[in-house]
Amino acid sequence: MTKSAYRNNLFLTGVVLVLLFFLQFVLPDYHVLMGTRMMVLAVFALGFNALLGYVGLLSLGHAMFFAAGLYGAGLTVYHFGWSLPAAFGFAVLASALLALVIGAVVLRTIRVSFMIVTLMFAQVAYLMVLYFAEWTNGQEGLSLPLSARAVHLFGATLDLSSAITRYNLAFGLLALCLMLLFAYLASARGRVATAIRDNEGRTEMLGFNVFAGKLEMFVLSGAMSGAAGAAYALLFGYIGSTFASFQYSIEALLFTLLGGAGTLLGPLLGVLLMVAMIDKLSELTSAYLLVIGVVLIVVILWFPKGILGTIRERWAPWLL
Amino acid sequence: MASLTPLLVTSGLKRHFGGVKAVDGVDFTLHEGEIRAIIGPNGAGKTTFVSLLSGRTEASGGTIRFAGEDVTRLPAYKRVQRGIAYTFQITNIYQTKSVADNVRMAVQGRMQRVGMPAFDFEAETAAALAAVGLSDRAETIAGELAYGHQRLLEIAMGLALQPKLLILDEPTQGLSDAEIENFLSLVRTIAKRATVLLIEHNMAVVMALADRISVLTRGQLLAEGTPSEIRDNAAVQEAYLGA
Ligand SMILES: Nc1ncnc2c1ncn2[C@@H]1O[C@H](COP(=O)(O)OP(=O)(O)O)[C@@H](O)[C@H]1O
Ligand SMILES: [Mg+2]
């Protein structure tokens, strides 16, 4: 990345974040809530895109990492009464560790086998959530206790029943993850990641450990998805098995493809559009899963680069 | 010219693909500083042999020693870090990156090998591009280069790694006569700093460059010697005529 491309991307990301921040002052309550959900899901999609967009690995099992964060945070709060920051930290760590172990296995496969194996692991995770219903309460899920609606941190107390507080926490997480990914991609390690995506054999023959490079991104991706899951559990106070289901893996894929795989802001854009659309449609029909399916097919067949990917191709080659 | 330190030694090196004995028990010694050519008919096992050296293919038997170390089981990227660079027979570059970015990756590859000293990234990149004459195309997208220039880029990446051993697999394939002239002087420059192992079909190129020639047929070494020894070798002539 050249210096000017670096500046452009930093500037664009900054503008988007400032806009998101100020939206809380103009949006009505209902949309503040929806915005909060969107930003958390955007973090999930961001983690997914780190893997698909920047090392070229298509996982069909990322709900597993979202769920690892969700349950890692939710269960420790519900059963052990952990404080929210501790539960959040634990959940992110647990997802990263899970990604390290799973990654070490699945990264030995490529292409279609990679998709199938990630899908299988995710199904195992989903079934485990149902199997350990004594802890997770399975399909029905658990609502976190009222005591978990407040965060005590450095002497201050944050009230999670306030929509604005939740919005800002979600915003902070999204900003942090965007900056983290940006810094990673702009670094030497980020260059190795995209080099692996563009030409794996060549990259290995330049002396880079391709497996380690993929694993590193896999862990980063899993940790981010897990952070999103943990935030979801703690901000909305509910954990349930749907979040571990295949549908959630597909949604991450859809958000990313629609916004543009391999673009920093694509996942966020994809989430904004898709969630808004599903919200509007679900007022009209209960068949919103069908809509997801149709959009997915249309995007893959006629619009494979997504919105920002197309903009990059036509007008803005500097887009990261 | 060749010194007496062996840089690379293979003993009984084998690679079988099912029933195909692509490389079948090769004992081969390469000395530091020499330019060695490997010749042989199509399907003789030349590409497989150098793939074994670079680690892109795993040996079915035998050993490879490089700079005194057994590298037979070392993964390819570690061998590159030890100083073995390989340019692909079929051009293999980052099609969508600029020419300079392609070379930058190679420079970065070398940087992680030698640690992270104060290292002038841009100067190293520019030097490798200048050496192959691609400076004025630095910002071109690599996939849009003419074929001959893509071959040169491939070599520039090999150069930027500053390897101890540079393996070139049919580097002049598809080049024009003028480009080949340019290539000859390029290899001579490279050979001042590195040992060169060259697979080549063009006998004029081989005769002009090689200190020694190894002849491979059906996965085995048929003969080895100076260019004139090989030219006069009856068995070699027969193998070629028979091929
Ligand atoms: N990956 C492979 N799988 C099966 N057979 C192979 C493979 N690579 C090479 N071979 C076979 O090994 C033999 C030697 O091939 P190769 O090393 O490419 O020869 P050369 O480079 O001398 O033309 C050929 O018979 C070829 O078909
Ligand atoms: Mg060959």
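Biologist: What makes B:Arg104 and B:Asp101 a salt bridge?

Modeller: A salt bridge needs a side-chain nitrogen of Lys or Arg within 4 Å of a carboxyl oxygen of Asp or Glu. For B:Arg104 and B:Asp101 the closest N and O atoms are 2.6 Å apart, so the pair meets that cut-off. Please keep in mind that this is a predicted model, in which local features need pLDDT of at least 70 and side-chain atom pairs count only at pLDDT 80 or more, while totals for chains, interfaces and linings use all residues. Residues are numbered from 1 along each chain as its sequence is written, chains are lettered from A and ligands numbered from 1 in the order in which they are written, and side-chain values use heavy atoms, with hydrogens and water left out.

Biologist: How do you know how far apart B:Arg104 and B:Asp101 are in helical turns?

Modeller: They sit 3 residues apart in helix H3 of chain B, which means a separation of about one helical turn. Helices here are DSSP runs of H or I with at least four residues, strands are runs of E with at least two, and both are numbered from the N terminus.

Biologist: Which residue does B:Glu122 meet in a salt bridge?

Modeller: B:Glu122 pairs with B:Arg104, at 2.9 Å from N to O. B:Glu122 belongs to helix H4 (residues 121-132) of chain B and B:Arg104 to helix H3, so the pair ties together parts 18 residues apart in sequence. With a relative accessible area of 42%, B:Glu122 is partly exposed.

Biologist: How many salt bridges does the structure hold over all chains?

Modeller: The count is 14. One of them joins A:Glu216 and A:Arg189, with 2.7 Å between the closest N and O atoms. That pair links distant parts of the chain: A:Glu216 is in helix H10 (residues 210-236) and A:Arg189 in helix H8 (residues 188-198) of chain A, 27 residues apart.

Biologist: How many salt bridges are there between chain B and chain A?

Modeller: There are 2. A:Arg202 forms a salt bridge with B:Glu154, and 2.2 Å separates their closest N and O atoms. A network of salt bridges also links A:Arg197, A:Asp198 and B:Lys97.

Biologist: What is the area buried between chain B and chain A?

Modeller: About 1700 Å², with carbon and sulfur atoms giving 58%. Buried area is the accessible area (1.4 Å probe) that two parts lose on being put together, summed over both. In chain B, the residues that lose the most area to chain A are B:Tyr77, B:Tyr94 and B:Gln108, together 33% of what that side buries. The contact (heavy atoms within 4.5 Å) takes 23 residues from chain B and 16 from chain A.

Biologist: Why is B:Glu170 called buried?

Modeller: Its relative accessibility is 4%, so B:Glu170 counts as buried. B:Glu170 is found in the loop between strand S7 (165-169) and helix H6 (177-191) of chain B. Leaving aside residues up to four places away in sequence, B:Glu170 touches B:Lys46, B:Gln89, B:Arg151, B:Ile199 and B:His201.

Biologist: What joins the side chains of B:Glu170 and B:His201?

Modeller: A polar contact of 3.2 Å. The term asks for N or O atoms within 3.5 Å; within protein, one must be able to donate a hydrogen and the other to accept it, and residues adjacent in sequence count only if both atoms are side-chain atoms.

Biologist: Is A:Thr136 buried or exposed?

Modeller: A:Thr136 has 5% relative accessibility, so it counts as buried. A:Thr136 lies in helix H6 of chain A, and a polar atom of its side chain is 3.1 Å from the backbone nitrogen of A:Gly138.

Biologist: Where is A:Phe132 found?

Modeller: A:Phe132 is in the loop between H5 and helix H6 (133-136) of chain A. Its relative accessible area is 40%, so A:Phe132 is partly exposed.

Note on methods. Buried means under 20% relative accessible area, exposed over 50%, partly exposed in between (1.4 Å probe, protein chains only).
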